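Look at the structure first, then work through the answers.

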Amino acid sequence: MKIGFLFAGQGTQSVGMGKELYDTYSEAKEVFDSVKLDYDVKELCFNGPKETLDDTAYSQSAILTTSMAIANVVKSKGIDPDYVCGLSLGEYSALCYAGAFSVNEAANIVRKRGQIMANALPKGTSKMVAVMNFDKDIIKETCEEVKSEGVCEIANYNSPAQIVITGEVKAVDKACEILKEKGARRLIPLNVSGAFHSSLLENASMELNEVLGKYEINEPKIPVLYNVTGKEYDGDIKEILTKQIKSSVYFMQMVEYMIDKGVEAFVEIGPGKVLKGFVRKINKNIPVYSVEDNKSLEEMIGALK
């Protein structure tokens with residue numbers, strides 16, 4: 001059976017994440033204990049405070065560390081993926097799992113990435129809104145229509161039921177107004193510090209490029225699907241990751257690509273069950289198992305072994 005691993009993105013964090021597996025499995029403990037950052041990642045993941053854990057500057061490295069600890073336990077149970085990918089931040093976890101860099105390197109890279117993104121734009125000047133159950137072409141067309149108001153672009157193609165728009169407040173608000181006129185019924189503002197995955201992060205992408213330049217990135221040992229293309233890609237990984245921060249995320253297309261390649265089951269690695277929900281909207285016939293604690297781990301093993 002072909003399996004795809006899906007690594008969690010930002011916003012999935014919760015106080016206590018990873019602790020149960022850390023207390024139960026040496027493979028999880030090994031990962032948490034190996035990560036050296038300028039703060040105690042284990043303490044933050046296990047005990048909070050929530051306000052710090054929810055801060056983009058901290059949450060990215062905390063989620064990646066937790067995800068890699070979970071992945072190490074899953075691997076020890078003999079579950080190996082044929083393809084890996086992740087949602088935005090999760091792409092770093094996917095690349096780490098595939099051997100592009102060590103867990104400690106990946107955690108330090110996304111610590112910097114989180115800080116860059118948290119400080120990229122003045123507070124209150126930009127936003128992101130999830131448009132639910134509406135045609136992606138009409139959403140794209142509407143973003144074009146409001147160009148005179150400012151930047152408004154598609155940030156995420158998460159599933160047929162969720163497309164996220166991103167950009168400057170005035171332009172995004174105008175787009176939401178027009179989308180409602182066109183029949184969109186549910187538009188949900190996201191609790192983020194800025195318009196991620198938009199061209200407004202051009203300067204941030206250059207800062208990130210400098211950070212990435214300090215690390216040696218190895219050739220992945222497992223096929224990785226990339227956010228910026230929605231499929232496998234043989235280009236320079238540093239350039240891909242530099243572009244990713246300011247470009248649309250093609251998550252739906254990555255899932256569809258893997259299904260076309262024969263993937264019969266997905267395992268969501270990391271805190272939360274967000275990606276499981278997306279996959280079910282993309283293809284309800286493919287089983288998805290979210291692994292974040294002992295119970296969900298056992299359920300996944302029971303189904304796939």
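Q: At what angle do helix α5 and helix α6 pack, and how far apart are their axes?
A: This is a predicted model. The two helices are α5, residues 56–76, and α6, residues 90–97. Their axes lie 10 Å apart, and the packing angle is about 40 degrees.

Q: Are α5 and α6 roughly parallel or oblique to each other?
A: The packing angle is about 40 degrees. Roughly parallel would need an angle under 35 degrees. The pair is therefore oblique.

Q: Which residues of α6 meet α5?
A: On the α5 side are Leu64, Ser67, Met68, Ala71 and Lys75. By class, the contact has 6 nonpolar, 2 polar and 1 charged residues. The α6 residues are Tyr92, Ser93, Cys96 and Tyr97.

Q: Is the crossing of α5 and α6 left-handed or right-handed?
A: Take α5 as it passes α6. The crossing is right-handed.

Q: How are α10 and α11 oriented to each other?
A: Helix α10 spans residues 202–212 and helix α11 spans residues 237–244. Their axes come within 8 Å and cross at roughly 150 degrees. Angles over 145 degrees count as roughly antiparallel. Therefore α10 and α11 are roughly antiparallel.

Q: How do the residues in the contact of α10 with α11 divide by class?
A: The crossing of these helices is right-handed. From α10 come Ser205, Met206, Leu208, Asn209 and Leu212. From α11 come Lys238, Glu239, Leu241 and Thr242. The division is 4 nonpolar, 3 polar and 2 charged.

Q: What is the order of strands in the open sheet of 4 strands?
A: The pairing is parallel. The edge strands are β2 (83–86) and β8 (288–291), each pairing on one side only. From one strand to the next, the twist averages 20 degrees. The order is β2-β1-β7-β8.

Q: Which residue in β7 is the bridge partner of Phe5?
A: Strand β1 covers residues 2–7, and strand β7 covers residues 263–269. They pair in the parallel sense over 6 bridges. The β7 partner of Phe5 is Val267.

Q: Which strands does helix α14 touch as it packs on the sheet?
A: Helix α14 spans residues 294–304. Its direction makes about 145 degrees with that of β8. The strands touched by α14 are β1, β7 and β8.

Terms used
Residues numbered from 1 in each chain as written. Predicted model: local features only at pLDDT ≥ 70, side-chain atom pairs only at ≥ 80, totals over all residues. Heavy atoms only, no water. Axes fitted to C-alpha atoms, helices over the stretch in contact; angles between N-to-C directions. Parallel < 35°, antiparallel > 145°, perpendicular 65-115°, else oblique. Left-handed = near helix turned anticlockwise from the far one by under 90°. Contact = heavy atoms within 4.5 Å. Nonpolar A, V, L, I, M, F, W, Y, C, P; charged D, E, K, R; others polar. Pairing = 2+ DSSP bridges.
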